[in-house]
Amino acid sequence: MKRILKEKENYFLLFFMILSLVILSACGGVTPNSPVINSFTADETTIIEGESTTLSWQVTDATII
């Protein structure tokens with residue numbers, strides 16, 4: 001009786017391992033796109049030391065951290 005239970009456990013373990021490998025091999029993953037800077041501008045193109053300007057930009061495929 002114990003031998004029969006042990007064989008069933010072995011078959012279950014083998015089945016589970018094969019099923020896991022099949023599922024993992026099907027997961028190709030997603031390759032992320034590289035961010036693209038669509039535009040980058042400054043309100044003033046020339047500034048003197050100590051002055052400021054406002055920078056603006058638009059980017060696609062970037063993540064917010």
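I'm working with a predicted model, where local features need pLDDT of at least 70, side-chain atom pairs count only at pLDDT 80 or more, and totals for chains, interfaces and linings use all residues. I number residues from 1 along each chain as its sequence is written, and side-chain values use heavy atoms, with hydrogens and water left out.

**Layout.** I looked up the fold and found one helix and two strands in the protein chain, in the order α-β-β along the sequence. These are DSSP runs numbered from the N terminus: helices are H or I with at least four residues, strands E with at least two.

**Burial.** I checked how much of the chain is tucked away: buried residues make up 0% of its 65 residues.

**Rings.** My search of the whole structure gave one aromatic pair. Phe-40 and Trp-57 are stacked, 6.1 Å centre to centre with 20 degrees between the planes. Phe-40 sits in strand β1 (residues 36–42) and Trp-57 in strand β2 (residues 55–60), so the pair links parts of the chain 17 residues apart. For the cut-offs, ring centres of Phe, Tyr and Trp (its six-membered ring) must lie within 6.5 Å; planes under 30 degrees apart count as stacked, over 60 as edge-to-face and the rest as tilted.

Is Trp-57 buried or exposed? I noted that Trp-57 is exposed because its relative accessible area is 54%.

Methods. Buried < 20%, exposed > 50% of the residue type's maximum accessible area, 1.4 Å probe, protein only.
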